[in-house]
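Work through the exercises below with the sequence and the model in view, and follow each solution step by step.

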Amino acid sequence: MDNSIEKRLHNLRERLSYITDVFAGKHSDSTVMLEERLTFFAGRAMSGASENAYAELATVEDLFAHVERRLDKTLSPMDKVRIVRHPQRFCLRDILENVYDNFTEVGGQDEHSLDPGMLIARAVITRSRGKKKYMQSIMVIGQEKGHGAEYRNGGSVKPWGNAKALQYMNVAETEGIPIHTYIFTPGSYPVEDYPGAAQQIAKNIYNMAGLSVPIVAVVSEGGSGGAEAIGLADKRLMLSHGYYSVISPEGAAAIEGRLKNGERASPELIEHCAAHLKIQAEDNLRFGYVDKIIQEPPLGARPWHFDFFRSLRQDVIRATDEVVISTRKMPVLRGLALARHRNPETDIDGLYIRWGLSGAAKARLVHRRQQKFLRLSRQAARDRRPFLTKTATTFLDWISKPWVSFKYDFYHKHQRQISTLMEEINNEIDMIKYRLLSPWRKLRCRLPGRQDDKAQELTTLSTWEESGRSRKWNYLSPRYKIDRTLTCPNSESYGCLDLWGPDLFAEFAGVCSHCGYHFPMEPEWYVHNVFDAGSIIEFNSEIEAGNPLDFPDFSDKITAAKEKARAKSGCMTFEARIDNIKMVVAMLMGTFRGGSVGAAEGYKFVEAAARAAKKRYPFLAYVHGTAGIRIQEGTHGVIQMPRCTVAVRRYIEAGGLYMVLYDTNSFAGPVASFLGCSPYQFAVRSSNIGFAGPGVIKETTGMDIPPKYHRSYRALSRGHIQGIWDRRQIRPNIKQALLTIGGRNLYYR
Amino acid sequence: MSTTQSDDTLRKHKILVANRGEIAIRIMRACKKLGIPYTAVYTAEDAASGHVRLARAEGGEKSLFRVSSYHDANELMCVADDASCTAVHPGYGFFAEDFRFARRVAKRDRKMIFIGPSWKIIRELGDKINTKRLARSLEVPTVPGSDRPIYDEMEAERIAKTIFEFQQQQGIRHPLVLVKASAGGGGMGIEEVYDPDQFRSVYRRVRNYALRQFKDEGVLIEQRIMDFNHLEVQIVSDRTGKNPVHFGTRNCSIQSTGLQKRIEVAPGFTPEVINYSFDAQKVLDDIVAYSLKMARSVGYDNVGTWEWIVTRQGAPYLMEVNTRIQVENGVSARIAKIRGQDGVDLIAEQIRTGLGEHLGYTQDDISFEGVSIEYRLIAEDPENNFTPWVGQIECFEWEKAPWLTMLTHVPERLPYEIPTEFDPNLALAIVYGKDIRQTRERGIAFLDSLCLTGKDNRGNGLKSNEAFLKANTERILHF
């Protein structure tokens, strides 16, 4: 038996074990059959009984291919998860070697580089038109799972790995070359060491929302936050056997099954969750969260599928070209070029498109990318506004745009000049009055009875508007009616006496009078005690959270949450005033399914940011509590991360002031995107801020975290938040912040 | 006493004596006199205290509960529930002026009576700005200055300037202005300004301190009065709050360097014996009238004390209202007579009216006779800034006399370890005489007869304020 047969046999054995692994016990008849045929052939070949070993081997290989094609049609979502996790699946280095013509790795080769899980490479593609050769540079960024290399950490990138990715995205922007990102991650590594998992992802998303070079993302394993950290792209391609999900099926099962520490979810439950989270490529294409599916060979591509890499190369170059072409100004030329490119017969390598962009094209590129994300996922929220209201709102928006821009961009500038003039005139009048009246004043000074003025001022009652000191709070938590005592969690260490409920929840505003520990309060408390009484105007309250994936049993849970929280979604958006300074507030309420963010919440948040931008109001995101993205909405939820971040970025760049205030517990997706990207973030004392809770950290990293790992002061010390506020001081602090910080376009500037 | 109404309704009650030491003893005696059962509490350090021995002797072991701290309201509530008490007497200190405690007692599911003013009155009069504004609205004189927190630097400067000029007009040679954090208390965040040019820096310092410490940068700006006498008016009222009466005035001007009272005298001035540079009788009448006016206006419904300062010019200014029974209530009681009968017990009156009985007499039924002094015997070193002395008392004896009332929780002739956790008050000695001369002589005689010795753990002898009291006895009521 010669060497090449031995090699091909080995290859077939690998394929067999791959099939066995992927189906995890299903289709055992096929695998048994294949194994029998393989052993039979191997025995024959070994003993030399086979006359034409090559021909026989070819039949076996054909049989394998046939079985693989047949099994490919039966793949379940969980099977696909097993495919992308299999060590035989190709990884980023295979792509670099097979898709690009040459490359240099920028760090990441061995365990001594900064987070080898994140791989950066400068790659080139050579294209030819006629005899002329063109070299085009690309910045390739992606997670490297590394065929089981321990130090790659399975593609689970640490915060500094994401920071590295961001750094080289900025390099690419400076150099004006496109970025290709390859997403091979089960999720980000949830440690809070500097720069902090959530915070770094938020920075990445925020920056990608405004990066002025074409970005193409390819998703193989798209696990939530880790995927979003490099996933905000102009074109998102997805591999047919990949998955893109808000959470791993195991994590979803743990949440669905309400598992405690150390318990394991049953395989059936995991399968069930994988099936209902809609994590496959076709689902995401249907929702619009990916633009194209790249077909893989049956049962997924492996490093020896060279045809696949060829088609992948065509697709990524085509996608980059399309992004560049779509920034062209002339619609006709753009349409022609796009039509030519989209023709699958076209040999992309034989075309040449310059990838450099002019300044105006860059602006169009960023605008198109932002618009693309803003449009996503609206269908997943139930907008229950009556048709007339919706039309009227749109019409008013349309009408008021020129009015607002006239008011702020034109009138206010000139108003300043007018008021300056008026002040000067007033000063002159005062001067004249002073001169004219001076004889009278002198006369009056000499009159007797002047002493009494002083005594009167110092000893009689003065007027004082704020004399209603007895009622400190406009709203009291209903818990104050219950006669009971509560133990402060710090009583062990600080010796706090037990607190009497009626004192604690009314006068003390839920703050331990001894150590200052903040007990959680209801969202209503903030709404009524932070803002001016009667100044709250809620809008978009009809937008309802639903069950867009028809996740089993979830509709009932959402209905129950709506009744319990007396709200239609976990996000309340309203206009309010503090001492007559108007602002737009989006409040994530921890009382509505833990404050998780789904399509409806994202929709309302984006609308609120747009309203603030239009009206030139400051925008406050008040996080009463958020447990992360609502997993039962799958990618409808996770897409809110880039989407809301884009909205926030547009608002900030329009010159607004975006402030975030965290309370109680704020975790995961929202913190790692549209909340964490704010330049001004504050926390209420005793709040917890982080990327993943202690249970998840234990589960994914195997580490026990120190106590108080997520306390706000830790977030302060790593620079995530800019200050910690006392709950009773929120109102004056916000007012102070409004008057002292913020963008140039605010109405009161 | 004039407890003519049904004593049976009183006897249905049971009082939790939520205090320690001398005042606990006085409350228990008053309860016994009224026939009301009571429950006492003590901490581990206080196990040898007189109030524990008295409670044990009177009510047995069942009437005693050990608590971990007198400051823990939760424990006191548990004790009250366990002993099925219907009322709580806070004494002075601890919870006496804590409106939250009073509110909790009155509003919890098993409601009890707080023997003291209602919690709303405690809250209203416990706030010094509120008290000052209330006084001004009733045209009661208060210390010249602002009556609301000042947040604006320009306004603050203007007020300070006016106060300086006002004092100069009055002929005060060294005008002083006081800047206080309006949210402060207990002497924190108070500074003096003697020079108008210094005001701004002091103001900013106090404002920043207040912002840091109390989260509120409002300040009060007042005239600093240096040369004054400290007078008090004792008010008693029942739960109707409609007809408060007064039990005369007291003079508490002899104080330690830390402004803690050491000698109290009733009445406040004796214009018939001593010459004053102003019309002392008018001052006494005025402050009594003002105090009653305020008490009537707020509907004051228990015992309380209006504290006044009287300047050398004879101008009275209301300082604050103490919404509780005071240490020195005994001197006022000693010189008072109700319908000609002496033996007035203000604590018994407080309990009786607190539990809902009517006063039963009017101002016309109250008369005063004689002069009474109260000495506060304290183990401390007057030479060394009144530093408290800690150690064991070996001998504590004095000559008994009919004109002398001794209130103490310290056992006679038994060794007694002074607990370090509480204030070092050992005893109150109330001396009575028909006029000031006789009272003074008797006071000196009492102090001469007193034997108070002890040793600390290094073998040094006991230090007390005996000599300080004796030296100051000559000075009383002079201004």
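**Exercise 1.** Determine in which hand α13(B) passes α14(B), and describe how the two helices pack.

*Solution.* α13(B) passes α14(B) in a left-handed crossing, a crossing being left-handed if the near helix is turned anticlockwise from the far one by less than a right angle. In this predicted model, local features need pLDDT of at least 70 and side-chain atom pairs count only at pLDDT 80 or more, while totals for chains, interfaces and linings use all residues. Residues are numbered from 1 along each chain as its sequence is written, and chains are lettered from A in the order in which they are written. Helix α13 (residues 436-449) of chain B and helix α14 (residues 466-473) of chain B pack at an angle of about 160°, with axes 10 Å apart; the axes are lines fitted to C-alpha atoms over the stretch in contact, and angles run from 0 to 180 degrees between N-to-C directions. The two helices α13(B) and α14(B) are therefore roughly antiparallel, the word used for angles over 145 degrees.

**Exercise 2.** List the residues through which α13(B) and α14(B) meet.

*Solution.* From α13(B) come B:Arg440, B:Gly443, B:Ile444 and B:Leu447, and they meet B:Glu466, B:Leu469, B:Lys470 and B:Thr473 of α14(B), where contact requires C-beta atoms, placed from the backbone, within 7 Å.

**Exercise 3.** State how many residues each chain gives to the contact between chains A and B.

*Solution.* Chain B gives 23 residues and chain A gives 19 residues. On the side of chain B that touches chain A, α8(B) gives the most, with five residues. As for confidence, the model scores ipTM 0.82 and pTM 0.87.

How values were computed: Contact = placed C-beta atoms within 7 Å. Helix = DSSP H or I, 4+ residues; strand = E, 2+ residues; numbered from the N terminus. Parallel < 35°, antiparallel > 145°, perpendicular 65-115°, else oblique.
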